[in-house]
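This report is for a reader who meets the structure for the first time. The sequence and the model come next, followed by notes on selected parts.

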Amino acid sequence: MRPATKTAELNKQWEEILRAVRDRILALGKVLVRKRDFYAGGLLILFGPVMALKGPSYRLGTLMHMGPGFMPTALGIILVCLGVIIAGSAAGLPEGEGEGILPEHPEWWGWGCILAGPLCFILFGSYGGMIPAVFSCVFVSALGDRTATLKSAAILAAVVTVFGVGLFSYILQIPMPILEWRGL
Amino acid sequence: MIATALTDLWYGFGVALEPHNIMWCFIGVFVGNMVGVLPGMGPLATISILLPLTFGIHPVGAILMLAGVMYGAQYGGAICSILLNLPCHPPHAVTCLDGFPMTKQGKGGVALGLTVFASFVGASWGITEMIFLAPVLVEVALQFGPAEVCSLMLLGLLAGSTLARGSPLKGVAMTVLGLMLGIVGTDLETGAERFTFGMTHLDDGIELIALALGLFGIAEFMNSVNQVASINTAYVNVRLRDMWPTRAEFKQSIAPMFRGTAIGSLCALIPGTGPTIASFVAYATEKKISKHPEKFGTGLIEGVVCPEASTHSSVQGDFIPTMSLGIPGDAVMALLLGALMIQGIVPGPQLIKEHPDIFWGLVASFWIGNILLVLLNVPLIGIWVKLLTIPYKYLYPSALFFVCIGVYAANNDMFQVGETIVIGILGYILLRLDFHPAPILLGFVLGPRFEENFRRAMLISRGDIAVFVERPISAIFIALCVILIGGQLYVRMRAAKRARAEKRAALATPGPGVTPSSPVTLDQSVSGAAKAEAEARAHSRLLAIRAPSASAENFAQITFGCTSVL
């Protein structure tokens, strides 16, 4: 056999091995992107470096005289390690197990309303006082339920406002104006 | 020693019976019981929502009220799980197994009556344990240097995160995240501002209330909105008359009650094994020693009173390390400890000496509170049962308002409401990724003290990390940590091996008629309980607490693994 063909054959073998490895990695990746734990680990791996890389800027110090940056850096490194293990363990799960991050019926509207409620509280509380804050907070978040109507939400909000302002403003004396326009 | 303990207890009753203190205790117990009954509201959410209300109160009154809220919510949760088959709080998941079938047979009232009694027995024993053990522990703990405190905290953190619900690895990850969140703010020793990202509002660190209400308020509401099916209220007509057990039923439940109490108090002594594990272990044990284990799950009174007694006995027992060492065993205790810290009281072994009114007043108030609960629950059962029918769509917007105003009132600062929203979003993402947020709170509360003691220990030992294994007491704690992790790994591997063997056996013997028969072990009966729990959950479709059966099975196995290793 001539050396040229030998090298060609070797190249071919290498190519096959590389292709097999690539296929394996791609298949693993396909499994992983569907696993919940992969993202769980990923999230930790994202959090870790924020701590670990920002830590040294607060001065690490020595083991004897620890600076303020020592603990964050150490914790960040631990978190990254944990993230890698958790993400890696997802590969061992059989097909169809522990998949899907969103619930079966995502409630974007409901989630939005629940988050919008406190936001309304901040907004109206800063500019209008307690009554508009409480009313808007309860009203908006009550709309998140699928069976809620504008009317039912308004009634609930009114009841909670009367009760809440009575309890917190008159009995517990929270220092927040009841009704006041502070302007923008 | 007994004489001093009794004198101190007498003093404690004096504190707890002061009119304003007894009033706070009553308010706490009453509100806790009321909110605990509401479907979908566990003790954690209840305490965090009511925490801001206690800021204006004297520390003694505040802690009495919060503790009252906690065990009041426990009592309420039992009602919810027996009558509605909704485990509002994880320890009660086991109670559903036999409690709800009893309700179906029309014996729900009897189950409730005996539960109240069993809880009282369990709690009384837990309190007695606390009276005699806590001062002894303090004597030991006062000799601790920073190295010992540090390794003890490490043990507490590890146990709290790995023995809790869900995957141990994820539990540890959440604890680390909690430690990180505890770092935010001004460093105590050097004054460096860490992770404040230029926001002066964050200089004092993340507010405990914002964290707790974000994780257990907003995130939980997002998790349960539109998920709660209409509640089956067919069986909730319980009157006072129905609660009296017959003589035979009473006799039948006496022994399981005491067994449950004993198991609960044992579980309380192992750090990190809270009421949930205690109730699972109690149920499994009761089933194992019963003469008719096959009847469990069909409405057996033993299956109700034993876990309930053990839950309450271990809840009271959990106060021992929290109050005497300053090391909370679970998130609820961490929250209570955080409340004390907000009041300006430093937790730790010196607490009993420096603030005897808090400690002994608390102990005495436990008894008063538990008696109040028995008195409350018996005549008011009709009202509680009515509360069960409040739909979630009215509940969560009102609760959300309490969250907002509570966080605002803590510091009169709108920024913290925004903080709560952000933490709520993060908490929901974590929930969706199968993380349980409770260990975050544990890490957050212990974090700053852990760092402080670690630094001090390193300073004293001149940077020699070996100090943790050279000092004998510290070495014991470290050894326990190693055993804990080793036990987990061992149980894991054994379970994996068994699963593989079963798979092979199933392959070797094809055909549905031949199933590999294995002796019923304790683990399996627990996994049976976990499966039944999952069924109950699927039945009720309440997603407020998500405990996949696998995780319940897992932590029960781990407990057995640990005890067998020890």
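This is a predicted model: local features need pLDDT of at least 70, side-chain atom pairs count only at pLDDT 80 or more; totals for chains, interfaces and linings use all residues.

## A buried loop glycine

With 23 C-beta neighbours inside 10 Å, Gly166(B) counts as buried, because the cut-off for that class is 20 or more. Gly166(B) belongs to the loop that runs between helix 7 (146-162) and helix 8 (168-183) of chain B.

Phe435(B) is 269 residues away from Gly166(B) along the chain, yet the C-alpha atoms of the two are 7.4 Å apart in space.

## Chain B as a whole

Chain B has 566 residues, and 60% of them count as buried. Its secondary structure comes to 22 helices and 2 strands. Among the contacts in chain B with a separation of 6 or more, 81% are between residues 24 or more positions apart.

Thr246(B) sits in the loop between helix 9 (208-224) and helix 10 (247-269) of chain B. Thr246(B) is classed as exposed because it has 10 C-beta neighbours inside 10 Å, and the class takes in residues with 12 or fewer. From the C-alpha atom of Thr246(B) to that of Ala73(B) the separation is 27 Å; along the chain these two residues are 173 apart.

Two further loop residues have a positive phi without being glycine. For Asn412(B) the angle is near 50°, and for Asp434(B) it is about 70°. Asn412(B) is placed in the loop between helix 16 (392-411) and helix 17 (415-432) of chain B, while Asp434(B) is in the loop between helix 17 and helix 18 (438-460) of chain B. Are Asn412(B) and Asp434(B) exposed or partly exposed? Asn412(B) has 10 other C-beta atoms within 10 Å and is therefore exposed. Asp434(B) has 19 C-beta neighbours inside 10 Å, so it counts as partly exposed.

## Chain A and its domains

The domain assignment divides chain A into domain 1 (3-92) and domain 2 (108-171). The C-alpha centres of domain 1 and domain 2 of chain A lie 45 Å apart.

Val165(A) is part of helix 6 of chain A. With 21 other C-beta atoms within 10 Å, Val165(A) is buried. Leaving aside neighbours within four places in sequence, Val165(A) is in contact with Met130(A), Ile131(A), Val134(A) and Ile178(A). Of these contacts, Met130(A) is 35 residues from Val165(A) along the chain, and their C-alpha atoms are separated by 7.1 Å.

## Where chain A meets chain B

Contact between the chains involves 55 residues of chain A and 49 residues of chain B. On the chain A side, the elements that give two or more residues are helix 2 (36-54), helix 3 (70-89), helix 4 (108-127), helix 5 (130-142) and helix 6 (150-171). Helix 4 of chain A gives the most to this side, with 11 residues. By class, the chain A residues that touch chain B are 39 nonpolar, 11 polar and 5 charged.

One helix pair across the two chains is helix 6 of chain A and helix 16 of chain B, whose axes come within 11 Å and cross at roughly 35°. This crossing is right-handed. Helix 6 of chain A makes the contact through Leu156(A), Val160(A), Gly164(A) and Phe168(A); helix 16 of chain B makes it through Tyr394(B), Pro397(B), Ser398(B), Phe401(B) and Ile405(B). The contact between these two helices has 7 nonpolar, 2 polar and no charged residues.

## The largest nonpolar core

How many residues does the largest nonpolar core have? It has 221, and those with the most contacts inside it are Leu66(B) and Leu441(B). Helix 4 (residues 59-84) of chain B gives the most to this core, with 18 residues. Chain A takes part too: the core draws at least three residues from each of domain 1 (3-92) and domain 2 (108-171) of chain A.

Leu441(B) has contacts with several parts of chain B. Apart from neighbours within four places in sequence, the residues in contact with Leu441(B) are Gly178(B), Leu211(B), Ala212(B), Leu215(B), Ala331(B), Ala334(B) and Leu335(B).

Definitions and conventions
Residues are numbered from 1 along each chain as its sequence is written. Chains are lettered from A and ligands numbered from 1 in the order in which they are written. Helices (H or I, at least four residues) and strands (E, at least two) are DSSP runs, numbered from the N terminus. Two residues are in contact if their C-beta atoms, placed from the backbone, lie within 7 Å. Ala, Val, Leu, Ile, Met, Phe, Trp, Tyr, Cys and Pro count as nonpolar, Asp, Glu, Lys and Arg as charged, and the others, Gly among them, as polar. Domain bounds come from an automatic or database domain assignment. Axes are lines fitted to C-alpha atoms, for helices over the stretch in contact, and angles run from 0 to 180 degrees between N-to-C directions. A crossing is left-handed if the near helix is turned anticlockwise from the far one by less than a right angle, and right-handed if clockwise. A nonpolar core is a set of buried Ala, Val, Leu, Ile, Met, Phe, Trp, Tyr and Cys residues joined through C-beta atoms within 7 Å.
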